Amino acid sequence: MPLVKAGHAVEDRYLPILDEAPIPDSVPVIIPAARLIADFADIAGREAPTGVLWPNNRKVSELEPFLDRLALVALVFPTFKDGRAYSQARQLRERHGFRGELRATGEVLRDQFLFLARAGFDAFEVKKDADATAFAETITRYSVFYQPAGDGRTAVQRARRDHARRAVGVPQHETVR
Amino acid sequence: MYLYDDFDRTLVAERVSEFRDQVARRLSGELTEEEFKPLRLMNGVYLQLHAYMLRIAIPYGTLSSDQLRMLAHVARRYDRNYGHFTTRQNIQFNWIKLAELPDAMADLARAGMHGMQTSGNCVRNITTDQWAGVATDEIEDPRIWAELLRQLTTLHPEFSFLPRKFKIAVTAAAHDRAAVRVHDIGLRLHRNGAGEVGFEVIVGGGLGRTPFVGKTIKPFLPKRDLLSYVEAILRVYNQFGRRDNIYKARIKILVHELGAEAFAKEVEAEWQPIKNGALALDPAVIADIAARFRYPDYETLDDSPPALAKARATDRRFAAWLDNSVANHKVPGYAIVTLSLKPEDGPPGDATAKQMDAIADLADRYSFGEIRVGHEQNLVLPHVAQRDLPALWRALDTIGVATPNVGLVTDIISCPGLDYCSLANTRSIPVAQELTRRFRDLDLARDLGRLHINISGCINACGHHHVGHIGLLGVEKNGEEYFQVTIGGRADENAELGALLGPAVPYGEVADVVEDVVAAYLELRARPDEIFLETVKRVGVEPFKERVYATR
């Protein structure tokens with residue numbers, strides 16, 4: 001299953017830890033949610049990066065006390081039709097200010113890439129090789145976006161206003177607010 | 001009309017190109033049907049009993065004459081010369097080939113049209129009053145808000161995989177023609193005590209298997225907060241709506257299970273942090289959208305020109321149509337004209353390519369090039385000068401869309417039923433057709449007064465049977481088609497669900513039963529102008545039940 005980051009397939013340096021398996025000290029790991037909460041005292045002292053696999057039926061606000069120590073949060077799409085993790089992603093990015101890696105896992109298919117990126121994901125465990133290859137093409141398919149989201153792409157309302165102001169010669173920096 | 005700009009056009013073009021790629025991947029086998037399904041659904045493409053069906057969005061039911069001509073072209077070029085207007089103010093074509101779909105969509109895009117989000121588990125076409133902008137009883141044009149919501153929800157990155165479909169309707173009039181109380185979110189523009197205009201926010205209404213009238217969770221929401229508040233509702237729903245059972249996945253079930261108050265609290269908690277963020281509407285943005293709605297350059301005219309009175313006095317058929325299908329306009333000298341797509345024997349809501357072209361030409365000539373689609377599956381010419389009504393009527397009559405039955409017993413709302421739909425238990429259209437024959441006598445129909453019959457061929461309730469004054473629901477019993485009959489439902493500002501009349505009746509008897517219900521009403525009504533609904537309210541279901549089942 002290829003991992004796509006910054007538009008390219010990359011090697012996954014994180015080791016997934018299953019349930020009660022021991023957590024090696026020196027390698028980046030992704031641990032289950034239950035372990036994060038139960039063993040946080042141990043995990044907080046780790047040198048290597050720690051990530052958590054967070055289920056889509058738990059509120060991400062529970063992650064708040066741990067976010068400073070987390071390099072990665074992996075959210076889950078049990079099927080592509082189950083869109084709960086989009087909301088979790090936006091909340092993590094926009095409300096809780098999480099700046100680490102936000103990884104989409106599970107049934108991650110080509111036609112979700114743009115939605116995922118706009119919701120704040122920046123790493124994608126892609127199910128099919130062909131989809132991973134098409135990532136860059138897919139993500140640039142749209143150039144206009146109606147609504148603001150967590151990704152900083154300019155929404156149409158804002159673009160229209162900037163366009164109108166450019167037309168009447170208002171300097172761009174004045175439109176930033 | 002709402003004017004699309006380059007941003008809107010670019011987005012639609014990019015969508016067509018994406019869909020072309022998706023269809024190519026499906027045809028090559030790279031995508032399985034299961035993977036393709038949600039993608040095609042998000043473009044309004046269903047797989048029906050006989051073929052793929054394409055549903056085209058008509059945002060808030062407003063069409064230009066060029067758009068209607070494009071729909072006629074699609075009907076002719078890719079389908080069987082007709083289209084079917086739906087209860088969501090959309091149109092659907094029933095016989096399109098998968099390989100030709102991208103071309104049909106590219107043609108539609110040339111007229112600024114598309115099928116985005118007319119199906120799938122996302123926010124569907126936002127509906128509103130088909131008289132928006134011209135109704136005498138509205139406080140402002142609700143389409144501005146429908147358009148803002150359309151833009152918010154189109155290809156929304158967070159809300160494109162909701163637990164289930166999601167329908168929003170907006171009304172700004174005293175009389176609710178948009179059925180906002182039976183929507184996932186209903187928005188009613190009104191004035192508060194301080195004279196400000198804002199929204200009553202109603203959630204969790206809906207029909208289908210478990211019908212509910214929606215609950216008000218915010219009596220007054222300021223305009224600036226509309227988008228952020230809707231986003232908060234959607235976020236709560238996306239996270240907590242049930243996904244374990246498709247029949248319990250609509251927001252109405254979540255609202256019902258949590259209770260409206262607890263649900264409102266969850267929404268409030270989501271809303272507060274985003275309320276003053278990027279979605280807060282500043283007046284300039286609202287003004288920009290409002291400015292894109294162009295209103296006709298009306299002439300200064302007087303109401304009731306003499307020529308109209310003369311035509312009315314000399315032609316009974318014209319007079320009947322005028323009384324039935326023409327409503328007051330907010331500009332003096334103008335009128336709102338409803339075109340009945342419910343002729344005797346016709347499938348409700350169907351229009352041929354020829355009719356669509358003719359209506360587009362008439363709209364250019366008499367209605368500033370604008371047409372509306374109403375959820376009752378009729379069309380509207382919203383800006384007709386009263387002096388033109390006789391000439392317009394003659395033209396409409398020639399093409400068969402001047403049946404003076406608007407709001408009467410034969411103005412039937414019906415789903416496509418088993419003739420097209422893979423979900424249906426029963427046929428619906430033939431029942432509607434039979435009823436138009438039984439009640440063909442227009443004097444009788446007029447005497448019966450306002451009486452809405454709604455037919456759904458299955459529990460999904462596309463024909464909105466729960467809110468029909470008489471509702472017919474198709475059910476299957478031992479492999480046979482049966483109908484449950486309800487009476488007393490309504491979808492307006494006093495929305496109510498109909499009450500069950502009694503045991504389901506066989507397909508072959510359903511028209512007789514409706515005739516019995518109507519006969520009972522004629523006997524029971526207190527006076528000629530007590531409409532059916534009022535009689536049901538006053539006497540209850542029992543006398544109707546007795547009458548219908550006494551001999552069955």
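Two residues count as being in contact if their C-beta atoms, placed from the backbone, lie within 7 Å. These legends describe a predicted model, in which local features need pLDDT of at least 70, side-chain atom pairs count only at pLDDT 80 or more, and totals for chains, interfaces and linings use all residues. Residues are numbered from 1 along each chain as its sequence is written, while chains are lettered from A and ligands numbered from 1 in the order in which they are written.

**View 1. Helix H2 of chain B and what it packs against.** Helices (H or I, at least four residues) and strands (E, at least two) are DSSP runs, numbered from the N terminus. The buried residues of H2, which spans residues 33-41 of chain B, are B:Phe36, B:Pro38, B:Leu39, B:Arg40 and B:Leu41. A residue is called buried if 20 or more other C-beta atoms lie within 10 Å of its own, exposed if 12 or fewer, and partly exposed in between, again with C-beta atoms placed from the backbone.

**View 2. A five-stranded open sheet in chain B.** The strand order is S6-S7-S8-S9-S10, and the pairing is mixed. S6 (127-128) and S10 (215-222) stand at the edges with a single partner strand each, so one side of each has no neighbour in the sheet. Two strands pair if DSSP finds at least two bridges between them. Further in, S8 (residues 185-191) and S9 (residues 197-203) of chain B run antiparallel and are joined by seven bridges. One to spot is B:Arg191, whose bridge partner in S9 is B:Val197.

View 3. You'll find B:Gln117 in the loop between helix H4 (101-110) and S6 of chain B, and it counts as buried because it has 25 C-beta neighbours inside 10 Å. B:Ser304 sits in the loop between helix H9 (283-292) and helix H10 (306-314) of chain B, and is exposed, with 12 other C-beta atoms within 10 Å.

**View 4. Domains 1 and 4 of chain B.** Domain bounds come from an automatic or database domain assignment, which gives domain 1 as 6-110 and domain 4 as 413-549. Their centres, taken over C-alpha atoms, are 33 Å apart. Five residues from domain 1 and seven residues from domain 4 make up the contact.
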